[in-house]
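Student: I would like to learn how to read some features of a structure. Please put it on the table, and let us begin with the terms.

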Amino acid sequence: MSILDTLGRLAQTSGFYMLLDDWRQIVMILLACLLLYLGLVKKFEPLLLIGIAFGMLLTNLPGSHMYHPELWDSYIAGEITLTHIIHEGGLLDILYIGVKSGLYPSLIFMGVGAMTDFGPLLANPKSLLLGAAAQLGIFAAFLMAIGIFGFKANVAASIGIIGGADGPTAIWLTSKLAPDYLAPIAIAAYSYMALIPLIQPPVMRLITTKEEREIKMEQLRPVSKKQKILFPIIVTIFVCLLLPSVAPLLGCLMLGNLFKECGLTDRLSDTAQNALMNIVTIFLSTSVGATAVYYRFLTPQTLFIIVLGLTAFEFATVGGLLLGKLMCKLSGGKINPLIGSAGVSAVPMAARVSQLEGARANPSNFLLMHAMGPNVAGVIGSAVAAGFLLAVFGG
Amino acid sequence: MTFLDACLYSVTGLLVVFFALVLLMCIIKIMTAVGDFAESRKKAVPTAVGGIPAPETKGESFVIQQTGPWAPGAAGEVKLYDTDPRTAAMLMAIVADELKAPLNELRFLSIRESKED
């Protein structure tokens with residue numbers, strides 16, 4: 001064999017040569033670089049977006065063989081087992097097992113629980129209603145996905161959950177209902193969460209009057225330690241009995257919160273909210289990004305999902321605000337309707353937006369703690385909605 | 001799935017979410033009410049803390065009855081009028097801090113709430 005032959009074969013097996021097979025691979029590499037730019041420079045949810053973008057980059061580099069969607073298709077069809085995937089698959093296939101089993105989103109929820117203070121919610125339980133109203137976005141997007149874009153019910157449910165503004169919940173539900181759409185849905189969910197300060201304020205100003213935005217709310221009552229400890233236990237029992245399908249997510253959220261509140265497991269709480277959360281975030285983000293294989297991602301459906309995701313966020317904001325206005329009227333002007341928009345999970349970004357808009361209308365207005373109630377209620381609400389959708393469309 | 005079916009699922013889903021969260025709201029309210037009731041009973045029946053006997057209510061004042069040995073550095077009794085022991089402890093700590101003197105070097109005879117007519 002001559003040197004030229006060797007060089008020729010080497011060139012043919014190189015990624016550069018294989019790139020020419022399909023122009024869409026180049027588009028995906030550029031798209032991954034764009035997402036990396038958004039995460040690194042514009043700081044759009046960098047903790048997740050950088051991992052997702054890098055996973056997307058790795059999976060679309062020809063010849064890398066790090067993720068094999070066809071293996072997962074065979075697994076879903078029941079033709080092969082996980083053992084087969086471990087033997088035949090690449091690194092990202094193995095990491096993806098945690099997504100497919102629902103492990104990563106649940107562990108992330110444990111960390112979220114360990115970082116969440118349910119005190120504002122316990123101090124003002126009516127916040128839960130706002131958290132429920134903001135789930136309107138999920139069902140509005142679900143309806144539009146079926147009625148306008150003609151998606152199948154399971155895919156429409158996964159698209160709708162973007163409106164819950166909760167990344168782990170969206171990934172958890174989509175990995176079970178529509179794994180082929182995991183990448184666009186996760187990217188849409190995290191991108192819009194990062195864009196909440198741009199998405200919500202125009203809707204907030206459109207729906208509320210200046211007088212309503214200026215309303216100052218009374219200070220929240222103090223909440224006892226005992227109540228904070230009992231809350232995660234009671235929520236787990238009642239909600240998981242009501243909707244058993246939501247148990248992995250909600251159970252982990254509440255376990256993490258119990259670690260934080262009981263005061264006896266500081267080490268576990270610290271691990272859940274730091275080390276464990278960081279490790280799982282790395283695995284989750286890269287493996288979700290890896291599902292963005294060019295021939296599945298570059299489709300008109302991805303664009304539809306991006307559009308529907310934005311609609312879901314807008315409807316979620318509207319739902320929370322409308323109920324906030326109603327509660328404002330019923331309470332004789334004691335509730336500032338702006339806190340309703342915080343019902344779209346996205347903790348604590350949405351609550352911060354409520355605070356900023358309230359302070360813009362009345363500089364002496366401090367809505368942050370009031371908005372944290374609906375904000376954490378939104379986390380529970382979106383988990384319940386996901387549990388409902390899984391119970392109905394999960395097969 | 002038809003659009004009508006999707007509408008029905010959406011309404012049902014939203015109702016389920018509301019039901020679950022309203023249920024939670026009721027549970028929190030009950031939990032709070034029980035907690036407040038227990039707290040009010042606790043306040044009504046004073047209990048011993050840290051080995052010091054619980055103060056007895058005599059009309060509008062608390063009197064600490066010392067039965068055991070004094071704590072090291074203690075300086076006798078303090079009479080409390082319309083002031084609960086917790087507030088009294090905070091007031092004594094504030095006075096000590098303001099005077100820049102150790103609390104065990106100060107002698108408090110009584111603490112009375114001043115009322116405006």
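Tutor: Helices (H or I, at least four residues) and strands (E, at least two) are DSSP runs, numbered from the N terminus. This is a predicted model, in which local features need pLDDT of at least 70 and side-chain atom pairs count only at pLDDT 80 or more, while totals for chains, interfaces and linings use all residues. Residues are numbered from 1 along each chain as its sequence is written, and chains are lettered from A and ligands numbered from 1 in the order in which they are written.

Student: Where is Pro348(A) placed?

Tutor: Pro348(A) sits in the loop between helix H22 (300-330) and H23 of chain A. The peptide bond leading from Val347(A) to Pro348(A) is cis, with omega near -10 degrees.

Student: How is a pair of packed helices described?

Tutor: By the angle between their axes and the distance between the axes. Axes are lines fitted to C-alpha atoms, for helices over the stretch in contact, and angles run from 0 to 180 degrees between N-to-C directions. Angles under 35 degrees count as roughly parallel, over 145 as roughly antiparallel, 65 to 115 as roughly perpendicular and the rest as oblique. In chain A, helix H13 (residues 167-177) and helix H14 (residues 182-194) pack at about 165 degrees, with axes 9 Å apart. H13(A) is therefore roughly antiparallel to H14(A).

Student: Which residues of H13(A) and H14(A) meet?

Tutor: Two residues are in contact if their C-beta atoms, placed from the backbone, lie within 7 Å. On the H13(A) side they are Gly167(A), Ala170(A), Ile171(A), Thr174(A) and Ser175(A). H14(A) brings Leu182(A), Ile185(A), Ala186(A), Ala189(A), Tyr190(A) and Met193(A). This contact of H13(A) with H14(A) has 8 nonpolar residues, 3 polar and no charged. Here Ala, Val, Leu, Ile, Met, Phe, Trp, Tyr, Cys and Pro count as nonpolar, Asp, Glu, Lys and Arg as charged, and the others, Gly among them, as polar.

Student: At what angle do H15(A) and H23(A) cross?

Tutor: Helix H15 (residues 196-207) and helix H23 (residues 349-361) of chain A cross at roughly 45 degrees, and their axes come within 10 Å. These two helices, H15(A) and H23(A), are therefore oblique to each other. Ile196(A), Pro197(A), Gln200(A), Pro201(A) and Met204(A) of H15(A) make the contact with Met349(A), Ala350(A), Val353(A) and Glu357(A) of H23(A).

Student: Is Ala165(A) buried or exposed?

Tutor: A residue is buried if 20 or more other C-beta atoms lie within 10 Å of its own, exposed if 12 or fewer, and partly exposed in between; C-beta atoms are placed from the backbone. Ala165(A) is buried, with 34 other C-beta atoms within 10 Å. Its phi is near 55 degrees, a positive value in a residue other than glycine. Ala165(A) lies in the loop between helix H12 (153-160) and H13 of chain A.

Student: What is the phi of Asp82(B)?

Tutor: Asp82(B) has a positive phi of about 55 degrees, although it is not a glycine. Asp82(B) is partly exposed, with 14 other C-beta atoms within 10 Å. Its loop runs between strand S3 (79-81) and helix H2 (85-99) of chain B.

Student: How many helices and strands does chain B have?

Tutor: Chain B has 2 helices and 4 strands, in the pattern α-β-β-β-α-β along the sequence. Of its 117 residues, 12% count as buried.

Student: How many residues of each chain take part in the contact?

Tutor: The contact takes 22 residues from chain B and 33 residues from chain A. The chain B side that touches chain A divides into 17 nonpolar, 4 polar and 1 charged.
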